[in-house]
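Here is a short report on the structure shown below.

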Amino acid sequence: MTIRALERVSVGQNGIGSFILQCKRLDIHYCDHSGSSRGMNAFIKTHLSKFAQTHPAIEFAVSPRPRKHPVMIGHYINGRQKSICVANMEPSQILKKAELLRDASGDKVKRVNKPVTSINESVRGVWSPYHGNGMAV
Amino acid sequence: MKRLRLDRLASQLLAAQTSPAARLLRPSTISRSIPQTCRHSSLDYNSQPCQRRHQSTAASPAPVEEEDHVAEVEDGEPTPEDLRNGPLPSPHPSRAASSAKLAALHARLSLSSKIPLETLARALVDPSADAHPKYNNANLAYVGSTPAHGVSSQPPPPGEEVDPGLLQYDPLKPTVVMNKWGYVRANTFESAKYQSGKGLSGRVVYGSNPFGESGPAKSLPDFEVENDRNTKALYLQDAAPNAYANFVRAVVGAVYMHCGRDAAKNFVRSHFLTRTLDLSKLFEFKLPTRELARLCAREDFEAPVARLESETGRASRTPVFVVGIYSGNDKLGEAPGPDLDSALVAASINALKSWYLYSPGQVGVPSDTFTEDAAAWKPAYVDIGEIIS
């Protein structure tokens with residue numbers, strides 16, 4: 001027995017094969033009395049039911065939070081949360097924020113400065129200085 | 001190859017067509033007006049009236065036998081409601097319809113509407129949380145034994161009050177382990193107790209972690225039930241991965257039972273087979289040069305010879321040697337290394353991998369022959385395998 005098996009976990013790439021929405025739960029907090037929640041209350045009355053209907057994969061939890069600014073908290077499959085304070089916003093702005101939370105992956109925001117990111121090996125291979133005839137300097 | 005009649009074996013997993021939830025109801029809610037088709041499993045309520053469900057049966061991966069206790073309830077035996085003693089070990093199936101988490105999980109996995117929420121809720125109950133085979137996922141997982149993909153978050157301790165949309169398992173209770181991978185053996189309580197797993201063969205057989213060590217035996221509670229079916233119940237060192245895997249298998253089983261074979265194949269393909277796994281990193285060689293020599297002898301190749309192809313900086317702090325392995329005029333493998341020995345070993349490993357890791361290309365699977373006017377099954381050629389034992 002000179003071969004030993006090693007444990008590896010296969011790497012999934014969301015969208016290849018199946019797509020799983022990363023946002024699993026959206027907490028929506030409002031206050032009945034504060035002026036900063038006026039837009040949120042209107043959003044809950046006008047937009048939320050349609051938004052929730054079009055997104056069955058997200059669990060929506062609406063709960064009051066008296067004497068506090070309204071917030072939306074997205075919970076993601078990777079265990080992280082993303083929260084947005086939507087004080088004094090119009091319902092249409094809040095809808096934009098809800099879509100932002102829906103589309104987020106839950107990861108920390110990273111700077112992407114490479115045009116292509118891939119886990120596949122390069123087709124062309126990596127250049128080696130030890131092969132070929134070399135280059136005359 | 002004779003086809004396994006899973007539909008017949010697992011008919012108890014399918015809900016009745018008229019009301020899918022009715023068959024999954026708890027004994028405590030069954031009124032006498034409901035036909036008693038599947039209320040009682042093989043456990044005997046009469047002899048042990050105060051027995052709780054999780055103490056009653058072994059969680060067996062085999063499909064549950066058909067029920068034959070239909071007539072017992074009419075004979076005036078105490079109803080299961082009277083027998084209920086304490087909270088249920090897992091949430092009541094009737095709560096599945098009102099669970100937002102469960103509905104969201106159903107939608108997130110893009111499951112067909114043919115799969116009821118009650119089935120998905122049952123798929124989330126590990127045998128360690130609820131040992132009753134009618135309410136845990138052991139049978140569904142047996143139907144859908146395939147590779148895995150985790151979904152849920154950290155589970156709460158199991159019990160009746162838990163949201164049915166969460167995975168439920170108990171690390172201190174025996175569970176069911178599906179083994180479909182050749183020689184990998186389940187790490188039973190007994191093997192953890194008596195086997196150190198340090199021997200060479202033990203490292204292969206008990207290789208539960210990347211280093212092939214099974215860890216020290218934990219002090220575990222006594223078995224709750226001492227009967228002949230439960231004495232081999234499995235206590236795992238780390239219950240969570242097994243619970244996740246059982247859930248995934250149970251979902252595949254549910255897709256198979258409710259939507260059929262093609263849907264299950266599509267589900268497995270889109271969720272698991274599209275994941276990336278580098279096969280060349282799945283194993284390591286102990287004596288690659290020796291094994292390569294034996295391989296060449298077996299295949300009647302000339303004995304392998306290592307040649308230095310190129311080098312740089314031999315006297316420097318960071319030299320590089322490129323070693324190629326040749327059999328006659330054929331180059332078998334090549335690798336760079338910081339010294340001659342490690343370059344030789346790496347080149348031998350490359351040669352062995354290029355020999356063993358060939359791909360037969362697109363070969364079908366046996367279930368391809370189930371379709372109409374399909375060609376006869378022709379299995380892919382498999383190498384005669386390892387040469388040093």
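## A helix and its packing

The buried residues of α11(B) pack against β1 (283–285), α10 (288–298), β2 (304–312), β3 (320–327) and β4 (330–337) of chain B. Those buried residues are B:A343, B:L344, B:A347, B:S348, B:I349, B:N350, B:A351 and B:L352. Buried means that 20 or more other C-beta atoms lie within 10 Å of the residue's own; exposed means 12 or fewer, partly exposed in between, with C-beta atoms placed from the backbone.

Helix α11 of chain B covers residues 340–356, 17 residues in all. At 1.5 Å a residue it should span 24 Å, and its end C-alpha atoms are 24 Å apart, so the two agree. The expected span is 1.5 Å times one less than the number of residues. An α-helix has 3.6 residues a turn, so residues three or four places apart point the same way.

## Basis of the model

This is a predicted model: local features need pLDDT of at least 70, side-chain atom pairs count only at pLDDT 80 or more, and totals for chains, interfaces and linings use all residues. Residues are numbered from 1 along each chain as its sequence is written, while chains are lettered from A and ligands numbered from 1 in the order in which they are written.

## Strands of chain B

β2(B) and β3(B) pair antiparallel over 8 bridges. Here B:P304 stands opposite B:S327 in β3(B). Two strands count as paired if DSSP finds at least two bridges between them.

β3(B) also runs antiparallel to β4(B), joined by 7 bridges. B:Y326 faces B:K331 of β4(B) across this pairing. The hairpin of β3(B) and β4(B) has 2 residues between the strands, and B:G328 takes a positive phi near 65° there.

## Chain A

Chain A has 3 helices and 5 strands. Along the sequence they follow β-β-α-α-β-β-β-α. Helices (H or I, at least four residues) and strands (E, at least two) are DSSP runs, numbered from the N terminus. Of the 137 residues in chain A, 17% are buried. Among contacts with a separation of 6 or more, 74% join residues 24 or more positions apart. A contact needs C-beta atoms, placed from the backbone, within 7 Å.

An open sheet of 4 strands in chain A has the order β3-β2-β4-β5, with mixed pairing. Its edge strands, β3 (59–64) and β5 (81–85), each pair on one side only. Strand β2 (residues 23–30) of chain A runs parallel to β3(A), with 6 bridges between them. A:I28 stands opposite A:V62 in β3(A).

Note on methods: Two residues are in contact if their C-beta atoms, placed from the backbone, lie within 7 Å.
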